[in-house]
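The following explanation leads through one structure, from a single side chain to the whole chain. Please keep the sequence and the coordinates at hand while reading.

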Amino acid sequence: MPKNASRGYGAVFAVREFRFVFAAHLLSLLGVVVSEIALTFLVYDLTGSPLLSALTFALGLLPYLVGGTLLAGVADRYPARRVLVVCDLLCAACVGVMVLPGTPIAGLLALRCVVAAIAPVFTGTRMAALTDILGEGDLYVLGRSLLRIVSQSAQLAGFGVGGVLLAVVPARGAICVTVGTFLCSAALLRFGTRDRPARATGREAGQEAGRGGALLRDSLGGARLLLGDRRIRALLLLFWVPAMFVVAPEALAAPYADSLGLGPAALGLLMCAMPVGHIVAELYVGTALSPGARSRVVLPVAALGLLPLLVYGAEPGLGWTLTALALSGAGAAYVIGLDQWFVAAVPEELRGRAMTLLTAGLMTIQGLGMAAAGLAAEFLPVHQVVAGAGVIGTLCCLVLVREVHRTAPDGPDGREKDQIVRPKSETGPSAW
C-alpha cells in the first residue's frame, strides 16, 4: 500500500483488520461508560457519600499516570495482539468481581484503579498496532481520527444508554454489561487481527533479555528517552497542554448553568456542545482536507483553538456559550495532522511506549485541569475561571507552537539535533 495513499475514511474501513479493531473499540468504550455511571450510582447507593461517588469517577483518571509510566514497556515487549487480548480479559475479570454482592466499597474502588491502570497500556498498544495494520501514512491518521470520533460519540451515547439501563435494572446488572463488552472485544481482537511479533525484537532485544532487565527499568527508560528528545517532547506537550485548559468549561458546567439560572436540559446541552463540535470538525478535516492541508493547519489551529473560551468573560447567555464550546471542540481537529508528525518522530522500537505515554499523559493532565479549574472556582466566579483558562492556555499554546516549529525536521534547528541517541542497554525490551 503506498505510504500516502488514501481515499478518505472509506479506505480505512476497506482494511479488514481495522474493522475488527473499530468494532472492539466501540464495544469496550460503550461498556466502560455504562459501567462508570453504574458504579458511581452503586457506590452512592451503598454509602450515601457524594465524596466517594465523585471519587469513583476520579479514580478513572488518576491511575493512568501509573500504568502509562510503569507498565509502558509491555506495549513493545510482547506481541500486540497478545497484549490487547490479555488486557481485555483482565478488565473483564476485574469488572466481574465488582458485580459480586459481597465486594466491599474499598474493593470496588481498588478494582476501578486496576482497570484504569490497564487502560493506557491497552490504548498505547492499539495505537502502535495501527501503524502495522494501516501503515504510517494517511490511512493511519484517518484510522486514529475514526477512533477519536467513536470515543466522543460513545461518551454521548453511553451516558444515555447507562441512564436507561439504570432505570430498568439494578446497578450491578448494568455493570455486567461491561463484562460482556470486554469479552467481545477480546474475541474480536483475537480472531480478527494478525499475530505479529513484538515490536522490539532481534539481537539487541535478545541481549537485553539475557541481562534480565526489569519491566520497570524498561518502561521508565523509554519515557526518559522520549521526553529527553526535544522534538518528541514538544509534540507530546502540544497534545497535552491544550487538553488541560479546554476541560475547564466541562468541569464547571454545572455551577455555570446554576449561575445563569439554567435547568438540567441546558446543562445537558453544555456538556454535549464540545464533543459535537469536535466530531463535526474532525469529520470535515478528515474528509475535505488533503494530508498536506491537514498538516498545514496544525500549528494555527493549535495556537488559536482556546480563544473561543474568552467569550465566557462577558457572561454570555446559553446560545453564545454553546457556540463557544462547539468552536473550542472543533479546535481539537489539529490533532489529526499532529498524529502523523508524532509517528514520524518516534523510532519504531519505542512506538508502543510512546503511544502509552501519550495516552497516560493526556488523561492525567485532563484530570489535573479539571481539579485546577474546580480549585480556582472556589475563589473566583466561574465565568472568569473559564475565560482565564482560555487566556493562559492560548499563551502556553503559542509558546509550544513556536517550539514545535523550531524542532521541525526542515526547521531552523534541523533534524540531526533532535535525533534520539539510544544507549545500547535501552534499545530493546527485555524478557518480563
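Predicted model: local features only at pLDDT ≥ 70, side-chain atom pairs only at ≥ 80, totals over all residues.

Thr321 belongs to helix H18, which covers residues 318–330. A polar atom of the Thr321 side chain also lies 2.8 Å from the backbone oxygen of Gly317. With a relative accessible area of 1%, Thr321 falls under the 20% limit and is therefore buried. When neighbours within four places in sequence are left aside, the residues in contact with Thr321 are Tyr256, Leu270, Tyr312 and Pro316.

Two of these partners lead on to the aromatic residues. By the ring-centre criterion, the model contains 5 aromatic pairs. One of them joins Phe13 and Phe22: the ring centres are 5.0 Å apart and the planes stand at 80 degrees, so the pair is edge-to-face. Another pair, formed by Tyr256 and Tyr312, is tilted, with 4.8 Å from centre to centre and 50 degrees between the planes. Tyr256 sits in helix H14 (residues 253–259) and Tyr312 in the loop between helix H17 (298–304) and H18, so this pair ties together parts that are 56 residues apart in sequence. Tyr256 counts as buried at 3% relative accessibility, and Tyr312 is likewise buried, with a relative accessible area of 2%.

Phe13 and Phe22 also belong, together with Phe18, to one aromatic cluster. In soluble globular proteins, nonpolar side chains tend to be buried together. Here the largest nonpolar core has 109 residues, and the members that touch the most others are Phe18, Leu134, Leu238, Leu338 and Phe342. Helix H7 (residues 105–134) supplies the largest share of this core, 11 residues. Around Leu338, not counting residues up to four places away in sequence, the residues touched are Leu235, Leu238, Phe239 and Val298.

Is Arg294 buried or exposed? At 3% relative accessibility, below the 20% limit, Arg294 counts as buried. Arg294 has its place in helix H16, residues 291–296. A polar atom of the Arg294 side chain lies 2.8 Å from the backbone oxygen of Leu289. Beyond its neighbours within four places in sequence, Arg294 is in contact with Asp138, Val141, Leu142, Val285, Gly286, Leu289, Ile336 and Gly337.

After H2 comes Gly48, whose phi is positive, near 70 degrees.

The protein chain has 21 helices and 0 strands. Of its 432 residues, 54% count as buried. The accessible surface comes to about 18400 Å², of which 68% belongs to carbon and sulfur atoms.

Notes. Residues numbered from 1 in each chain as written. Heavy atoms only, no water. Helix = DSSP H or I, 4+ residues; strand = E, 2+ residues; numbered from the N terminus. Buried < 20%, exposed > 50% of the residue type's maximum accessible area, 1.4 Å probe, protein only. Polar contact = N/O pair within 3.5 Å; in protein donor to acceptor, adjacent residues only side chain to side chain. Contact = heavy atoms within 4.5 Å. Phe/Tyr/Trp six-rings, centres within 6.5 Å; stacked < 30°, edge-to-face > 60°. Core = buried A, V, L, I, M, F, W, Y, C linked by side-chain atoms within 4.5 Å. Areas by Shrake-Rupley, 256 points an atom, 1.4 Å probe, with all protein chains shown as cover.
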